[in-house]
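User: Hi! I've just loaded this one and would like to walk through it with you. Can we take it piece by piece?

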Amino acid sequence: MKRIDQLRLTNCLADVAELLGFQPKLFAWVIYKQPYKYATFEIPKSRGGVRLIKAPEDRLKNVQSRLAKLLQDCISDINEKREQTEKLSHGFRRGYSIITNAYQHRSRRFVLNVDLTDFFGSINFGRVRGFLMTNKHFALQERTATVIAHIVCDDNSLPQGAPTSPVVSNLIAHILDVRLAKLARKYGLHYTRYADDLTFSTNSRSFSTEVATPDAAGHWVAGKALEKVITRAGFSLNTSKTRMQLQQSRQDVTGIIVNKKVNIRSEYYREARAKCHHLFCTGTYLTKKVVRKEDGTSAVESVIGTLDQLEGILSFIDSVKRFKMTFDREYKLTGPERLYRNFLYYRHFYAPPLPMILCEGKTDNIYLRCAIQKFASDYGQLAQEEGDAIKLRVRLFNYSDHTKRLMSLGGGTGQIKDLLSNYCKIMKPFLSMGERNPVIVLIDNDSGAKSIFSWISSTTGRRCDGKESFYYLGENLYLVPTPRTDEDGDTMIEDFLPLKWREEKLGGKTLNLGSNINRDKEYGKALFAEYVIKKNRKDVDFVQMKLVLDRIVAVINDYAAMMATST
């Protein structure tokens, strides 16, 4: 049954709670009774000023997050039934972003930006409840609509910071999108919306005065037809933010340049590059933050930024640069991509906040995580117990599309060998003298590792045959091969998992740890790691994995001793 049909069948609080996976009594308390629901704070806007954020308490946030996902699923069901492919609203929607929004307006003679005033605040309890009952696609029962409106509203409006506000605002604003799209077609314009930002563009020789026109002072203002549609839909214009951008000047839509192709503002990239330079040289960088003073006023001040914040900036730049582009193996990285790559090297290898473990692939991470969690009480250097939870004290390198494209790290011994051979060169640009942690490269001790062992032997002049627990390769880099058998035989990490589980069948298929898999009769490492080991981790005996964990601990101790000697 589709999610929209499940939602329509609910008729009371208990039904909604069950659909979202909660006990009705606790669900009701979170929505109606708990005294503290939101934390309020301010963040700086990109174009000046501050934005008031109301962050929900954890239990309420959990409820809202599940409801937001349910509503997104309902929208997908509705669009699928209607065969809807419109691209009017790009904010807070799956598969859409400020990039897809800006892309619709590239290479245009006129680009008009219009803002709505207090977008979330103008959507109140009654509008939400009424929409859910009267909209023909939802048509919810009165009590269900009332419960949902209570979940998503606070102080009779959508709180900015709640997970539900974006999806609910899109539902309420859909009628506005339809009417503005109709108005745009009438006057030969193209229209899109991203949250409260409305954009109209055209290549016509003139721009319709019904949509926007310059006043006596030459400032562009909304036309009568545009104002009428917006007011009729229950919203209002922020007249101070109406902007007309002509082709001969810089045009931007939701912060992205659209003159000929989508691009970022040059000053935004320069600022990111300066932050990275400061980070690489000193170990820190500064960013802007709203700080509340003792007299109750607030001001924007420079504070030390986090690595997550800077990676978010670099990831955004990268996503804009890559939009609508294709890459092949010979593609040469651009300047912004090289900057992002260097940041990733710095974050994960030069100055990881915890010891970093890099395995040959994603499946090895699953084995290691499960084993460390199983023996957390025995390996205090690798994990610590925090109540019922276990927190790792090491990092497991996460392979992704970013690491594959930017760092040439997608898994496998070939790429690992390239990393090892270029490691010192990669680390050379970084000068900060802060505390560092070891990078531990864990590999299978089989035929695939022979080229790595040979390279180490020829480079260091020291015999490397995979028989030692670890090999120090300079900087903060170590190589850890899996222990060899008692008969000096090859091993892979799966050899340290119980045979019982390696013989486990999935859908009648047997495990094949090699690369040539008969899909009709066999399954591979990925399914084994996820659906055999991870799924049954409470029952798996990981005792043989201690041989691997012991080597990791030995490296951590060796590096700590070396650092203590050098200081």
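User: Where does Leu-70 sit?

Analyst: Leu-70 is in helix 4. Keep in mind that this is a predicted model.

User: Is Leu-70 buried or exposed?

Analyst: Leu-70 counts as buried, because its relative accessibility is 1% and the cut-off for buried is under 20%.

User: And how far is Leu-70 from Arg-3 in space?

Analyst: The C-alpha to C-alpha distance is 7.0 Å, although 67 residues separate Leu-70 and Arg-3 in sequence.

User: Let's talk domains. How is the protein divided?

Analyst: There are domain 1 (1–84), domain 2 (86–123 + 158–261) and domain 3 (352–565). The centres of domain 2 and domain 3, taken over C-alpha atoms, are 50 Å apart.

User: What about the largest nonpolar core, how many residues does it have?

Analyst: That core has 67 residues. Phe-27, Phe-138, Leu-180, Phe-200 and Phe-235 have the most contacts inside it. Helix 8 gives the most to this core, with 10 residues.

User: Why does that core lie between domain 1 and domain 2?

Analyst: Because both domain 1 (1–84) and domain 2 (86–123 + 158–261) give residues to this core.

User: Switching to strands. How covered is strand 3?

Analyst: Strand 3 (residues 110–115) has 6 of its 6 residues buried. Phe-110, Leu-112 and Val-114 are on one side, with Val-111, Asn-113 and Asp-115 on the other, and both faces are covered.

User: Which strands does strand 3 pair with?

Analyst: One is strand 5 (residues 197–202), which runs antiparallel to strand 3 and is joined to it by 6 bridges. There, Leu-112 stands opposite Phe-200. Strand 8 (residues 243–246) also pairs with strand 3 in the antiparallel sense, over 4 bridges, and the bridge partner of Asn-113 is Arg-243 in strand 8.

User: Nice link. What about the hairpin of strand 15 and strand 16, which residue takes a positive phi there?

Analyst: Gly-387 does, with phi near 70°, and the hairpin has 2 residues between the strands. Strand 15 (residues 383–386) and strand 16 (residues 389–392) pair in the antiparallel sense over 4 bridges, and Glu-386 has Ala-389 in strand 16 as its bridge partner.

User: And the open sheet of 3 strands, what's the order?

Analyst: The order is 9-10-11, with antiparallel pairing. Strand 9 (252–253) and strand 11 (263–264) are the edge strands, each pairing on one side only. Strand 9 is joined to strand 10 (residues 256–257) by 2 bridges, and the bridge partner of Val-253 is Ile-256 in strand 10.

User: Last one: how many residues of helix 7 are buried?

Analyst: In helix 7 (residues 142–152), 8 of the 11 residues are buried. Among them are Val-147, Ile-148 and Ile-151.

Notes. Residues are numbered from 1 along each chain as its sequence is written. This is a predicted model: local features need pLDDT of at least 70, side-chain atom pairs count only at pLDDT 80 or more; totals for chains, interfaces and linings use all residues. Side-chain values use heavy atoms; hydrogens and water are left out. Domain bounds come from an automatic or database domain assignment. Buried means under 20% relative accessible area, exposed over 50%, partly exposed in between (1.4 Å probe, protein chains only). Two strands pair if DSSP finds at least two bridges between them. A nonpolar core is a set of buried Ala, Val, Leu, Ile, Met, Phe, Trp, Tyr and Cys residues joined through side-chain atoms within 4.5 Å.
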